[in-house]
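Please look over this predicted model. A few questions and answers follow.

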Amino acid sequence: MSGGTPSPLGQGFAVVSTDAGHTGTSASFGADPQARTDHAYNSYDKTAVASKSLISTRYGRKPDYSYFSGCSGGGRQGMMFSQRFPDYFDGITAGAPAMRVSSGATVAAMWNTIQFNAIAPQDASGNRILSKAFSNSDLKLVANAVNARCDAADGVVDGLAQNVNACKAFDPSVLQCAGGKTDSCLSSAQVGALKSVFAGPRNSAGKALYTGQPWDAGLAAPGWRSWTLGNSTTATPDARYITLMVDALVNEFFTPPDLSFNPLAFNFDTDPARMAAYSAVYDTYADDKLAAYKQRGGKLLFIHGMSDPIFSAFDTVDYYERLAANNGGIAATQNFARTFLVPGMNHCSGGPATDNFDSIQTMVDWVEKGIAPQSIAAKALPTNADFPNRTRPLCPYPQFAKYKGSGSVEDASNFVCSAS
C-alpha cells in the first residue's frame, strides 16, 4: 500500500499483484457481467490460489505466512478477503479501504461535485469552471482556521491536529466575509458549499447516504484538490471525482450501465437504488463481524488519512466501531483488529502529514511475534513541504499522539499515545 511502506519485494517477500482482468483506469468492462464479478472478487481469488501454488512449487512447501496489503481499491480487496476468503491471509492491511465505493463514497463524490460546481465562476459562455470554486489561498484559509480551532487539543500548536475528535465542532462560518469577498475571508456561497460537503450527502428526506468528511488541515494539499476540484482552467474539469468516479459510476456501479448519465443531474432520492445490486457483491462494509477471519486468528490493520477526500476516515471509524460492538468492545477487538488514523494525510499518502511508515513490518511483528502494535513509527520525508523529517507515533484508535509537554515537536519521542 501507499503511505511510505517499503517495497515488500525489496524485503524478500514473494509478491504477486493483479490487474483484476483489465488494464488502465477505464471501467468500460462493466458491460460484461463476468468482468464485473471478476473485478469484485473472482480475479483476486484466482490470483491468490495460483500464487500460493507457484510458491509451493518453487520452494517445495507452502508459505509459512501470507499477507495482504493494499490501499484504496486495495483496501477494499483486503476486506473482501477477510470476508469471502478468510483463510487466505494471516494478516491484512486495509489502507483507506474503499468499503462503500460502489455506493456511498461515489454518491458523496457526486454530491460534492454538485455543491462545488454550483458556486464556481463561469467562463464567457456561462459554463462553470470547477477548479475555481476555491483558490489555493481560500483552502489555506480553511486549513489555518481548522488548526486554530483544533491543533492545541493534542498539547502543542505544531501544525498537526492529532486529537481528531477536537475538530468535529469546527464551523467554517468563522471565515465568512462581512462584506464582499476578499483574500482573507470566504463568500457565503463558499461557506455553504463547505458545510454541505463536509456534512455528507443526504436525500430529500434528510437521510444520510454516506458519512461526512473530517475537518483536517490536509484539505489545502494538492492531493485533496486533485480529487475534489482539479486544476483545469477551463470548463472541462479534471477533478478525479469526474475523470475517475463518474466513469466507474456509469460503466460499473450502475446496473445496468448508463453511459449517457450526467453526474450534475444525480438524483439523491432515486439514483442510489441503481447502485444497490452491484454494491451487494462489490462493497465490503456490511459484514461487521468478521467471525471466520477472527476465528482463524487473522489480524487486521486499518490505516486512513484524515484528509482523504474520496473515502472518508469517518467511514472507517464507523465500520470499526460497529466491528467492536459485535466483538466485545474496542479492547477485545484490538486483539485482532486495530485502526490507525493519520492526521493531515490525503488519499493513501501526501499532505501535511507523517505519511511514511512500515505497515508490513508492523503486521509481521503482530502475526509472527505476537507483538500487537501499540503505535506505528511514522515520519515525514525530507521532501515534505510542511514538516520535513518530522516523526510521530501513529496511535491505535481511539488514542492520539499527545505532546508530553517538553522537547522538540519534530521528535516522536516527545509524544505519547493517549485517549484524552
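Q: How many bridges join S5 to strand S6, and which way do the two strands run?
A: This is a predicted model. Asn356 stands opposite Lys379 in S6. Strand S6 covers residues 376-379. S5 and S6 are joined by 2 bridges, and they run antiparallel.

Q: Which are the edge strands of the open sheet of 3 strands?
A: The strand order is S5-S6-S7, with antiparallel pairing. An edge strand here pairs on one side only.

Q: Are helices H1 and H2 roughly parallel or roughly perpendicular to each other?
A: H1 spans residues 33-59 and H2 spans residues 73-84. Their axes come within 10 Å and cross at roughly 75 degrees. Angles of 65 to 115 degrees count as roughly perpendicular. H1 and H2 are therefore roughly perpendicular.

Q: Which residues of H2 make the contact with H1?
A: From H1, the contact draws on His39, Ala40, Tyr41, Tyr44, Asp45 and Ala48. By class, the contact has 6 nonpolar, 2 polar and 3 charged residues. The H2 side is made by Arg76, Gln77, Met80, Phe81 and Arg84.

Q: How many charged residues are in the lining of the largest cavity?
A: The whole structure holds 5 cavities of 30 Å³ or more, and the largest has about 150 Å³ of space. Its lining counts 14 residues, with Gln162, Val164, Leu341, Gln399 and Phe400 closest to the centre. S7 and strand S8 (400-403) each supply at least two lining residues. By class, the lining has 10 nonpolar residues, 4 polar and no charged ones.

Key: Residues numbered from 1 in each chain as written. Predicted model: local features only at pLDDT ≥ 70, side-chain atom pairs only at ≥ 80, totals over all residues. Heavy atoms only, no water. Pairing = 2+ DSSP bridges. Helix = DSSP H or I, 4+ residues; strand = E, 2+ residues; numbered from the N terminus. Axes fitted to C-alpha atoms, helices over the stretch in contact; angles between N-to-C directions. Parallel < 35°, antiparallel > 145°, perpendicular 65-115°, else oblique. Contact = heavy atoms within 4.5 Å. Nonpolar A, V, L, I, M, F, W, Y, C, P; charged D, E, K, R; others polar. 1 Å grid on protein atoms, 1.4 Å probe; cavity = no way out; pocket = protein on both sides within 12 Å on 5 of 7 lines; lining within 4 Å. Points joined across faces, edges and corners; volume = space filled by probe spheres on them.
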